[in-house]
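Please open the model in a viewer and keep the selection panel at hand.

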Amino acid sequence: MIATQVSLELAAAPEFFPVARAVAEKASQAMGLGTAEVRRVAMATEEIFMSLCKSAPGKQLAVRCLPGGHCVTIEFVFHDLNFPLEYFNMTSSVAADNEEDLENLGLLVASRIVDGFSVIRDDGSRFVLKLVKEKSYPQHSGGAVTSLAPLKDFSVRESSPEEAAYAATQALGLYPAHALPREFFYPQMLADMLDFGRVRAAMAQGPAGEVGGIIAWDRPPDGNMVECHGPFVFTEDRNPAIAEALLDFCIGDIAKLPIMGLVNRRHNPDIPVHYFETVGSLPVTSDDGARFQAPAYFRQMQEDPGCIVWAHEALEPFLEKQYARLCLPRKILRPSGRPLAPKSRSVLFTEFDRRGGAATFWPVSPGRDIPQNIAAHLEMTKKERVANVLFALDLGSPWQADFTPALLDADFSPRYILPYAGCGDMAFFSR
Amino acid sequence: MTVTMPDLQCLAPSHIKCFEAYIPSKPDDMLMEYYGCSSLLRLNNNENPLGPPRESQKAIRDFPPKRASVYPSGDAYHLRQRLAERFGMEPDQFLVGNGANEVIAFAIKAFCQEGDNIVTADKTFAVYEWVARFSGYEARTVPLKDYGFDDEAMLAAADERTKIFFICNPNNPTGTYWNRDKLLNFLNQVGNRSIVVVDEAYCEFVEKPDYPDAMKLLSQYPNLVTFRTFSKMFGLASLRIGYLAGSLEVVDIIRRTCVVYSVNAMAQVAALAALESRDHVENTRALVREAKAYLDYEMNALGLSTVGGEGCYLMVRLPMSDSLAYRKLMQQGVMIRTMTGFRFPNFIRVSVGDMPAMHTFVTCLKNILRECGHDI
Ligand SMILES: Cc1ncc(COP(=O)(O)O)c(C=O)c1O
């Protein structure tokens, strides 16, 4: 795998449109996407670029194409402090008096074409809009799998891409769908992710080479959290020692990194829950309409030095209860509540996980119109038929507290806290 | 005129960009405020509960405040003289640093260049690995075997670019040690290809007859370097003073990377005085022996397994996340070290303190086990 990126610096002007399109198209082809996916990348790039030409005419931006093993990521990077932030509101109903807004459907359209869509603000002034298009993979057909006889002895080691793909098919046969990460359904995708280093996996092996279990974990290039999947144990006795050894391996792999926490949001009975703290749970609607509670397990990877959190008074009872229950040393501060400028408009990013049927809203800036903006975003996800809508609030940013009353009014409930997952702790809400 | 931020992505080398700074814990007053405790019992840094020897305490008290304005001896002249007399060596065989941590950096800088590597264990004192990595050298970390350094695997991990082996003897945090035969065998196998560092930060705590004193092997193995510190047994951790010793030729190379004047004058006089102390080592050993046995007994009585041989610390395996136990103990005013960062998930390392401290720790640990629903 040659991990070289392709970057382009240009202005958001219609005359450069063919350049941006051609680069995204040719680069994603060179990075291994098939013809159909390449076409969709080109279409999504087109949507974004054209909408940028309208919303931020002439502004400087960079377009970057990055290989990802199982996918290609196209990033639009804006350095400009004066970039019109409203652009990121993926709704056309805010300020309906503004005609330009009605045309600003580019992001929404682009988000439908790709598999993942997000916007991040990586320092004060830099915004990165990310489109992720995955290669197409055959879904594993499933099939009967029988558990192994108990292993007399086993050892745990890092698993190769092929071994992990095989172990994923075993897990598919032995675990319910909601316990498994999506890549387990596409074993070749998992192998590509491992090859690229985006995901790592360890497996337990018996004396005759039997694969007795697997655990996989994401190795994000940045961020404070690592998410793990499993452990999954394939022996009849579901030997907890195998599960613990797999988890020990995963923890050892990230132990010396500046990672604050390890999370697991897919319950299965093999997870050694005593390694974790249950921070809360989320009601989830799966593809087939089934509803279930998905617990979130968290393990802190560092000694907690304590921190402050900013919270609206309406969230305080929840936070106090959670912090006391989890023994997290926090000082809850209330923002001063200064009124915002009358014309200020709030901005939210929407992160889509189309395949997982989920969307998460992330506040970008506050404004007088928060309730209307949240309502408009909910309208949008309803039209897009997104079953699971989440709201992520960074308790490290005082201004984000302003979103709380409107969130609660819109029937969002706080579900759990992930310590240090953002600038400070993150609170996750769902409806 | 103002200058805009330089392009740090271009300025900083890649091995720095991918390295994250170690963040030390907050000061006691802030931790106490956050955790809502009125006192803090520090059992996290393997400090000596007796403090410095009486002789050092006197030297510190007698230190004239005005001398703070005068530069110290740049190479700890008198201390090296005294160390030489004590160990029957030459003063120039010693280099004194701002803690043993600083001499680790001296040694790595002296011998490594781009493409070189060091070999050590995965579950040991982390500074060897860190210094190598943020200096741009590879750190090959070999898994422990039965909680001890695995000599054969370390030799197998080495190649012609291996410049230094680091052996922590006894090991922090597991307390295992290589006996004389094992160390000699390893030194013989390495031959003169690389430098072998034996970090003896906790050597004064070891009472086992087969424990090798690396200082006595220096004449036989000119590639051997030993590290010692005044932070542990001699209770001078806050003054930051430690040293290395080796053959004249090897030390002459390492000296080229030393930052002179990095060791302050009060540390030098306090360390010098520590070498005169008569009963301090014996008193500390007696305290550690008793308190460690008590701690080990209590942990086993709670059904918790322990790992610990030599040294003034004991590892305990908990039936819960070590970071959760850390927070719960902190709320009760007890600070231990979590072992996740050492790749021992769910283990904590407890520094052996005096008996009242050990009683407090045991009581607090029982509280949290009970709170978490464990039958005790
Ligand atoms: C094995 C080991 N070596 C070296 C050191 C560093 O000691 P100093 O305080 O002298 O820098 C420590 C301190 O914890 C240690 O445990």
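In this predicted model, begin with helices α5(A) and α7(A), whose crossing is right-handed. Select residues 161-174 of chain A for α5 and residues 187-196 of chain A for α7; their axes come within 8 Å and cross at roughly 145°. To display the contact, show Pro161(A), Ala164(A), Ala165(A), Ala168(A) and Thr169(A) on α5(A), together with Pro187(A), Leu190(A), Ala191(A), Leu194(A) and Asp195(A) on α7(A). By class, the residues of this contact comprise 8 nonpolar, 1 polar and 1 charged.

Next, select residues 17-30 of chain A, helix α1, and residues 35-55 of chain A, helix α2. These two helices pack at an angle of about 150°, with axes 9 Å apart. Helices α1(A) and α2(A) are therefore roughly antiparallel to each other. Their crossing is right-handed. On the α1(A) side, display Phe17(A), Ala20(A), Arg21(A), Ala24(A), Glu25(A), Ser28(A) and Gln29(A); they meet Val38(A), Val41(A), Ala42(A), Thr45(A), Glu46(A), Phe49(A) and Met50(A) of α2(A). The residues of the contact between α1(A) and α2(A) divide into 8 nonpolar, 3 polar and 3 charged.

Finally, move to the ligand. Which residues are the closest to the ligand? Of the 13 residues that surround the ligand, the closest are Ala100(B), Asp199(B), Thr229(B), Ser231(B) and Arg240(B). Select Asp199(B), where a polar side-chain atom lies 2.6 Å from a nitrogen atom of the ligand. Then select Thr229(B): an N or O atom in its side chain is 2.6 Å from an oxygen atom of the ligand. End at Lys232(B), which places a polar side-chain atom 2.8 Å from an oxygen atom of the ligand.

Terms used: Residues numbered from 1 in each chain as written. Chains lettered and ligands numbered in written order. Predicted model: local features only at pLDDT ≥ 70, side-chain atom pairs only at ≥ 80, totals over all residues. Heavy atoms only, no water. Axes fitted to C-alpha atoms, helices over the stretch in contact; angles between N-to-C directions. Helix = DSSP H or I, 4+ residues; strand = E, 2+ residues; numbered from the N terminus. Parallel < 35°, antiparallel > 145°, perpendicular 65-115°, else oblique. Left-handed = near helix turned anticlockwise from the far one by under 90°. Contact = heavy atoms within 4.5 Å. Nonpolar A, V, L, I, M, F, W, Y, C, P; charged D, E, K, R; others polar. Near = heavy atom within 4 Å. Polar contact = N/O pair within 3.5 Å; in protein donor to acceptor, adjacent residues only side chain to side chain.
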